[in-house]
Amino acid sequence: MTLAVELKNISKIYDNVNALKNVNLKISDGEFFSLLGPSGSGKTTCLKIIAGFEQANQGYVYLFGDEVSNVPPYKRKVNTVFQDYALFPHMSVGQNIGYSLKIRNISKTEQQQQVKEILEIVKLSGYEDRRTNQLSGGQKQRVALARSLINKPKVLLLDEPLGALDLKLREQMQVELKVLQRQFNITFIYVTHDQQEALSMSDRIAVFNEGNIEQVDTPANIYLSPKSSFIANFVGTTNVINKDIASNNFKLTKSFSIRPENISIIKSDKNYDYNCSGSVIESQFQGSLYKIILKTSFNQQFIINSKQPYEINSNIKFGWFEKDIIIFD
Amino acid sequence: MNTITLKKNFFSLISDYAYKNKTFLFITFITPPLAWLGIVYLGSLLILLMHSFFYLDGFTGQIVYKFSFQTLIELFTQRANIDIIIRTIGMASSVTIGSAIIGFPVAYYMAKFTGKKTKAIFYIAVMLPLWSSYLVRVYSWKLILAKEGIINWTFEKLHFSWFLDLVLSLPIIGGPSLSISYIGMFLVFTFIWLPFMIIPIQAALERVPNNLLDASSDLGATPNYTFYKIILPLAMPGIAAGSIFTFSLTLGDYIIPYIIGTSKFFIGQAVYTHQGVAGNIPLAAAFSIVPIIVMGIYIFIAKRLGAFDAL
């Protein structure tokens with residue numbers, strides 16, 4: 001498998017803040033790779049360094065084996081879809097999309113032909129002459145996508161491209177992005193803070209936290225065996241029990257986490273490896289399930305799932321199995 | 001239970017009415033300034049312009065209040081008057097182009113590369129000249145440009161006097177010294193009006209999101225291409241606004257041509273002399289139509305070329 005992008009020992013400092021701390025990353029050709037993390041974790045900085053908008057203070061960037069650390073963006077064969085689309089306001093949809101073709105001196109008729117084709121692919125046929133300010137958010141997104149894809153880049157960088165769209169549209173675009181990626185067979189590097197999005201779309205995910213990559217793995221591994229309590233907490237919902245509480249109440253010497261879906265409410269005398277009880281402080285209807293938030297006598301909050309609601313302050317016994325807990329060092 | 005006691009006096013009733021009826025509120029606030037602008041300013045301007053349709057009786061020197069194109073025909077047919085118009089428009093155009101070329105890099109640096117503090121310093125530096133009297137600035141330029149002034153002195157000390165002499169020996173724009181030449185006048189005009197060019201361009205560039213520049217580069221555009229295709233078109237409303245300032249201010253000015261430069265008249269001076277000493281208000285009025293027409297044409301062309309598309 002050829003490497004599309006490789007980052008070696010990348011560090012970036014902004015105004016005395018360490019945005020990236022010695023980051024190493026290898027992304028294979030054709031992969032859908034997500035950079036996941038909370039805001040300020042360094043994922044967007046990482047993307048900008050790959051695109052060339054920012055230069056790393058230390059380290060090297062490779063694109064298909066070539067070192068490009070000091071190569072300006074217009075000489076890199078990657079294209080970017082920006083968070084707020086960055087469409088040129090003084091150009092029509094067609095001019096926006098054909099911008100890179102015009103730069104490469106491609107003939108007018110060929111330009112029109114290619115713009116027409118790509119507009120068909122992003123389902124905006126006939127929009128060539130529209131002004132960009134007449135478009136809805138989703139349409140702007142498609143134009144931005146078309147503008148980046150028309151170059152047939154080997155690597156497409158996407159900076160939270162669906163962040164400004166509403167839920168339904170976002171879910172629809174997630175599917176379309178996946179389809180496009182397969183159709184064009186190019187590497188997608190996808191920045192997002194939405195763990196659901198990263199889990200559902202990616203081949204692999206790199207989880208960022210405070211300028212470090214905490215784990216690079218497949219979505220299933222990230223979810224099922226997170227390497228740190230930060231990841232367990234950030235990806236999906238979970239209950240993280242710190243070391244002190246674990247050793248005082250659960251006969252474990254290390255911090256651990258247990259996901260709500262693995263906790264059962266005890267009704268009969270069924271045997272669980274761990275038992276616990278707490279009083280309900282919040283009961284939220286979530287559609288398919290109720291999310292119950294409990295507080296135990298030793299002041300630990302638990303989130304558990306239930307098919308029925310519970311009264312506030314009512315006492316619930318719950319338990320879980322040894323095999324479902326994730327232990328952290 | 002607490003109840004909110006509503007005041008029911010006269011003012012609160014008016015305020016409630018204005019809150020509900022926005023047109024009433026709008027009219028109340030917009031009428032005084034509109035009346036000032038519309039009646040006092042535009043009205044008197046129109047009356048002045050109407051005078052250009054009257055004419056001066058050649059024998060008595062009295063204004064004849066009869067509708068006639070005589071004055072306007074005189075304006076556009078007499079060689080001396082045409083020269084004044086061409087001279088003024090030529091100077092205004094060069095000053096506008098000069099200020100745009102000098103002002104753009106400053107504005108660009110201010111908009112894209114300065115932090116809060118440096119930007120404040122730049123603002124002050126650009127605006128500071130406007131804090132001193134216009135006359136003081138022009139007279140100090142007279143001293144700077146004079147034969148005994150610092151520019152001449154510097155050239156002399158550097159043994160480059162020959163270069164200055166060469167420039168001043170150019171036909172039309174040259175002269176005996178910088179302070180008595182069109183070159184000197186151009187320098188002073190450009191300096192005096194530069195803030196009016198820099199600030200609008202800076203404001204326009206400030207509104208260009210940086211990610212547009214990133215996007216352009218990302219799509220393969222060299223910095224040069226990005227400048228001509230993205231930055232310049234988006235800065236155009238600012239350049240247009242700035243050039244309207246510098247162009248119209250130069251068209252109407254009579255102090256700089258009077259203090260700096262030759263004895264040849266500019267439109268401002270012509271208006272000043274005709275309505276004052278000569279008492280030829282119709283011709284003065286006719287002259288003052290010229291900048292209005294020129295600006296009208298200028299803005300029309302600018303709009304046609306799409307200068308305001310990015311507004």
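This is a predicted model: local features need pLDDT of at least 70, side-chain atom pairs count only at pLDDT 80 or more; totals for chains, interfaces and linings use all residues.
## Contact between chains A and B

Chain A gives 18 residues to the contact and chain B gives 17 residues. On the side of chain A that touches chain B, the elements giving two or more residues are strand E6 (78-81) and helix H2 (93-103) of chain A. H2(A) supplies the largest share of this side, namely three residues.

Sorted by class, the side of chain A that touches chain B holds eleven nonpolar residues, four polar residues and three charged residues.

## Domains of chain A

In the domain assignment, chain A is divided into domain 1 (3-234) and domain 2 (239-327). A distance of 39 Å separates the C-alpha centres of domain 1 of chain A and domain 2 of chain A.

Five residues from domain 1 of chain A and four residues from domain 2 of chain A make up the contact between these domains. On the side of domain 1 of chain A that touches domain 2 of chain A, two residues are nonpolar and three are polar, with no charged residues.

## An antiparallel sheet in chain A

Chain A contains an open sheet of five strands, ordered E13-E17-E14-E15-E16, with antiparallel pairing. Strand E13 (264-265) and strand E16 (301-306) of chain A are the edge strands, each pairing on one side only.

Within this sheet, strand E14 (residues 274-285) and strand E17 (residues 315-320) of chain A run antiparallel and are joined by six bridges. Opposite Asn275(A) stands Gly319(A), a residue of E17(A).

## Buried residues of helix H13 in chain B

Helix H13 (residues 267-275) of chain B has the buried residues Ile267(B), Gly268(B), Gln269(B), Ala270(B), Val271(B) and His274(B). The cover over the buried residues of H13(B) includes helix H4 (79-112), helix H11 (223-252), helix H12 (255-259) and helix H14 (281-304) of chain B.

## Surroundings of Gly103(B)

Helix H4 of chain B, one of the elements that cover the buried residues of H13(B), also contains Gly103(B). Gly103(B) counts as buried because it has 27 C-beta neighbours inside 10 Å, where the cut-off for a buried residue is 20 or more.

Leaving aside residues up to four places away in sequence, Gly103(B) touches Leu194(B), Met197(B), Ile198(B), Ile201(B) and Gly242(B). The C-alpha atom of Gly103(B) is also 8.0 Å from that of Pro195(B), although these two residues are 92 residues apart along the chain.

Technical notes:
Residues are numbered from 1 along each chain as its sequence is written. Chains are lettered from A and ligands numbered from 1 in the order in which they are written. Two residues are in contact if their C-beta atoms, placed from the backbone, lie within 7 Å. Helices (H or I, at least four residues) and strands (E, at least two) are DSSP runs, numbered from the N terminus. Ala, Val, Leu, Ile, Met, Phe, Trp, Tyr, Cys and Pro count as nonpolar, Asp, Glu, Lys and Arg as charged, and the others, Gly among them, as polar. Domain bounds come from an automatic or database domain assignment. A residue is buried if 20 or more other C-beta atoms lie within 10 Å of its own, exposed if 12 or fewer, and partly exposed in between; C-beta atoms are placed from the backbone. Two strands pair if DSSP finds at least two bridges between them.
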